[in-house]
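User: Could you walk me through this model, one topic at a time? I'd like to begin with its pockets.

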Amino acid sequence: MKKKKGLSMLLAGVLMSSLLAGCGSSEKTSTTTTSEPKSDSKVIKIVSQSPLSGGSASFGESMKLGAQLAVEKQKEEFKKLGFDLQFVPYDDQGDPKKGVANAQTIGADKAVLGVVGHLMSGVSIAASETYEKQSLVMVSPSSTAVDLTERGLKSVARLVARDDFQGPAAAKYAVDTLKAKNIFVIQDKTAYGQGLADAFKKEAEKIGAKVVAYEGITSGEKDFNGVLNQVLSKKPDLVYFGGLYAEGSILVKQAREKGINVPIMGGDGIDSPTMAEVAKDALKDTYYTTVATSPSTTDKGKAFMDEYKKKFNKDTEAYSAYGYDSAGIILQGIKDAVKKNGGKMPTREQVRDAVRGVKEYDGVITKVSFDEKGDNKNAKVYIYKFENGAYPGRQQGEVSK
């Protein structure tokens, strides 16, 4: 993302300056707009915030492209309503500090009426405080941490199931179906990974399993011999990992190389083709729960996949459809607010309330009705197993609220 700066000429002399009164230099970027629109502006911007660089860029890019497709498809519809609909992507780098800095810039641009994001829970939680102050609605396609919707914020919503639903669903499958009795839990010390691991651990112990160890790793690590030696010494019959694919793929590969052949299970953070690219055949007997299912299960979803492929010349990934539906919900909220406002530009408060008031929105991947906290009443957890070192895994079942 490169900045394009307009050139301005510095002209000396009071007379010449007065002739140029009202004109000035401008600065445009692909991700930021710092000036506020005029009061009669007809520009409406939808932004996305996700990691477009770093270890989680694959997830972040898929989310962004899904949102972009939704916005571009509705540009003509908004044009007929008298508005210029624009899409602006931001790279939050998977970093809460960067996400907050971006959120402050986004909030200052009054043309922005909705945010698709964030991908990662820690970034969503941090940035949402800024959005709340600006009455700017955000819809996360993927953030699962419980705290995101437990703080009573009016501007926060999400499509997917929370960790306190995903974690217990995984634990029940591990104990009831995989017959795990002694479980070694590893987490990556992030809001997402630790929250998921904690919820898994609590439910596993509740239903009779023993957690023989609970250890943390650090995001960015590539040598897991230390924790894997502990796994060998504890002799568990299942390893659970709360974290992302960048570490998860290496962890699984190194575990199998050390002779750890018990089932390994993770959450939606390892729902990525990177698992197959790195771990390959080591993925044998590896399971994951995910809050995201494939669009291929419905005709509407298949049509979306074809359209996405045609537009971007690449296949959909885990959060492509969820990014699309998140943007679609925001756009529906804006249209509802415009109608209620007599065809005029709605306020952020009006859009926020319209989005949170969505009932039975029929997306390409899920139906959406938000509860009083901003959680989707229709969210599900899906259970998959990697087979033959390939991605995606084969679905084993699903769990509804």
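This is a predicted model: local features need pLDDT of at least 70, side-chain atom pairs count only at pLDDT 80 or more; totals for chains, interfaces and linings use all residues.

User: What volume does the largest pocket have?

Analyst: Residues are numbered from 1 along each chain as its sequence is written, and side-chain values use heavy atoms, with hydrogens and water left out. On a 1 Å grid over the protein atoms alone, a pocket is an open set of points where a 1.4 Å probe fits, with protein on both sides within 12 Å along at least five of seven lines. Taking the space filled by probe spheres set on those points, the largest pocket comes to about 410 Å³.

User: Which element gives the most residues to the lining of the largest pocket?

Analyst: Lining residues have an atom within 4 Å of a grid point, and 28 residues qualify, with Ser 56, Gly 94, Met 120, Thr 190 and Leu 244 nearest the centre. Helix 5 (121–134), helix 7 (191–206) and helix 9 each give two or more; helices here are DSSP runs of H or I with at least four residues, and strands are runs of E with at least two, numbered from the N terminus. With 3 residues, the top contributor is helix 5.

User: How many residues of helix 9 are buried?

Analyst: Helix 9 covers residues 245–257, and buried means under 20% relative accessible area (1.4 Å probe, protein chains only). Among its buried residues are Tyr 245, Glu 247 and Arg 256. Helix 9 is largely enclosed by the rest of the structure, because the buried count among its 13 residues is 10.

User: Which residue in the turn between strand 15 and strand 16 has a positive phi?

Analyst: Strands 15 and 16 run antiparallel and are joined by 7 bridges; one of the bridge pairs is Val 381 with Val 399. They form a hairpin with 2 residues between them, and the one with a positive phi, of about 60°, is Asn 388.

Conventions:
The expected span of a helix is 1.5 Å times one less than its number of residues. Buried means under 20% relative accessible area, exposed over 50%, partly exposed in between (1.4 Å probe, protein chains only). Two strands pair if DSSP finds at least two bridges between them.
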